Amino acid sequence: MKLEQKLFKGKTLAILSGGGDTPAINHSIESIRNRASLLGFKVYGIRKGWKGLLGDGDIVDLTNQPYDGWYGGTALRSSRTNPFPSKKNPESRVPQVLKNLAKYKIDVLVTIGGDDTNGAAKRLFETEGIPVIGYPKTIDNDLRTRTMHTYQGKEIEAVLCPGFPSAAKAMSEFTSKIKTTAESHSRIIVMEVMGRDAGWLTGSAIFGGAKLGLVPEFEITRERKEVFFEAVKEAYMKSRNRYLVIPVSEGVRWYDEKTGKVDVVYASSEVDEYGHPRFGGISGIIASELYVKLGIEARAQISGYYPRAGHCRKYDRRLTATLADKVVDLLLREDYGQMPVLNKIVPFMELEEFNTSSIDMGTVGNKPLSTEYYDIEKFSFTDAYCDFLKNILDQPEVEDFRYDFPVVIP
Ligand code: F6P
């Protein structure tokens with residue numbers, strides 16, 4: 001049978017990106033736009049997340065426009081705007097969103113985001129019946145995607161969100177660079193890594209030569225702190241050139257001698273429209289306590305926005321395209337309120353649509369680092385985690401300069 005016209009001719013699909021950016025958002029937008037265009041949709045971009053659907057609307061036309069998906073960040077811009085009432089903004093802006101969806105004749109909405117952006121999309125789908133497809137993104141990799149990882153015959157529930165592969169690659173490269181200066185000065189460098197509630201990204205530093213690490217999932221109580229200091233001393237003494245790079249998540253909960261409490265370190269008292277505060281500064285505290293306790297020179301390094309910045313890497317390019325293939329399937333079946341996900345952790349070559357499925361956006365939430373991936377006793381990431389990373393990053397970045405020069409005896 002020959003179709004007279006493209007299936008979705010006359011329909012409009014709009015894409016928005018919300019929350020913290022990643023290097024893979026432009027590639028996600030380009031991949032979704034290309035496939036939606038083939039189906040016949042006119043494709044719009046909503047600028048600055050949900051904010052672009054407020055007021056008069058801030059919408060651009062992406063149909064038949066050049067789009068560089070390799071370039072990091074999001075050309076549609078982003079914001080942490082929440083259309084639903086929040087503590088910071090008690091007034092509901094959902095009526096404005098609905099008005100603009102109607103005004104711009106948007107038939108389907110694709111929301112690229114984490115738990116917050118997709119959570120709001122899910123509410124719009126459930127309460128207002130807006131046809132929505134959620135599309136995952138976060139460098140923190142803590143959005144539950146129900147992606148299984150088979151390791152030594154055991155099934156582990158992992159997560160794989162676009163943005164994480166590029167960020168993890170950047171973190172492993174960053175760590176391997178930091179390592180050289182730590183070695184020169186026989187120092188410990190405590191390296192702070194983004195991750196408010198989960199240590200997925202922090203763990204990627206082991207592919208750059210880090211040995212120990214701290215994650216938000218396991219708090220450092222007064223007693224655990226002493227055990228940690230001992231583990232650091234032992235690892236430092238064992239290290240070949242007397243150095244250590246210790247990645248710590250920004251959201252690590254650490255015992256504070258002055259207050260007698262375990263808490264996170266806040267960068268600011270401000271919260272966003274989803275109620276999240278900003279963390280920052282834990283690396284400085286840990287570095288100075290390590291110096292006082294162990295007498296080993298220690299410095300802090302905040303990796304900050306580095307893993308969130310720059311080009312979309314190879315694995316992410318194929319992952320975003322694969323998930324966009326699944327979006328086509330959802331569009332064809334008009335199966336809304338769903339989010340495409342990868343079924344299992346696979347190497348680059350196996351990123352294919354047949355390895356994807358979709359999950360009900362109602363079941364999307366946060367997923368901490370799986371317990372199989374972190375050894376609480378040793379403060380280190382496990383072999384299972386290394387295997388998870390190996391699928392995504394292939395090989396570690398670690399290089400060594402082995403200098404066993406003969407000592408001159410006069
Ligand atoms: O998107 C999540 C995240 O990467 C967190 O790890 C971090 O706390 C946050 O973004 C910081 O984002 P921003 O400074 O852009 O608000």
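Visitor: Let's zoom in on one spot: which residue in β13 stands opposite Y266?

Guide: It's F279 that faces Y266. A quick word first: this is a predicted model, where local features need pLDDT of at least 70 and side-chain atom pairs count only at pLDDT 80 or more, while totals for chains, interfaces and linings use all residues. Residues are numbered from 1 along each chain as its sequence is written, and side-chain values use heavy atoms, leaving out hydrogens and water.

Strands here are DSSP runs (E, at least two residues), numbered from the N terminus. β12 covers residues 266-271 and β13 covers 277-279; they run antiparallel, joined by three bridges (pairing takes at least two DSSP bridges).

Now follow β13, residues 277-279, to the ligand: R278 is one of the residues surrounding it, along with others including R80, D140 and G195 (a heavy atom within 4 Å counts as near). That shell holds three nonpolar, two polar and six charged residues, with Asp, Glu, Lys and Arg counted as charged, Ala, Val, Leu, Ile, Met, Phe, Trp, Tyr, Cys and Pro as nonpolar, and the others, Gly among them, as polar.

For polar contacts with the ligand (N or O pairs within 3.5 Å), a side-chain N or O atom of R80 is 3.0 Å from a ligand oxygen, and one of D140 is 2.9 Å from a ligand oxygen. G195 uses a backbone N or O atom instead, at 3.3 Å from a ligand oxygen. The ligand alone exposes 400 Å², and the protein buries 84% of that (Shrake-Rupley areas, 1.4 Å probe).

Notes. Helix = DSSP H or I, 4+ residues; strand = E, 2+ residues; numbered from the N terminus. Polar contact = N/O pair within 3.5 Å; in protein donor to acceptor, adjacent residues only side chain to side chain.
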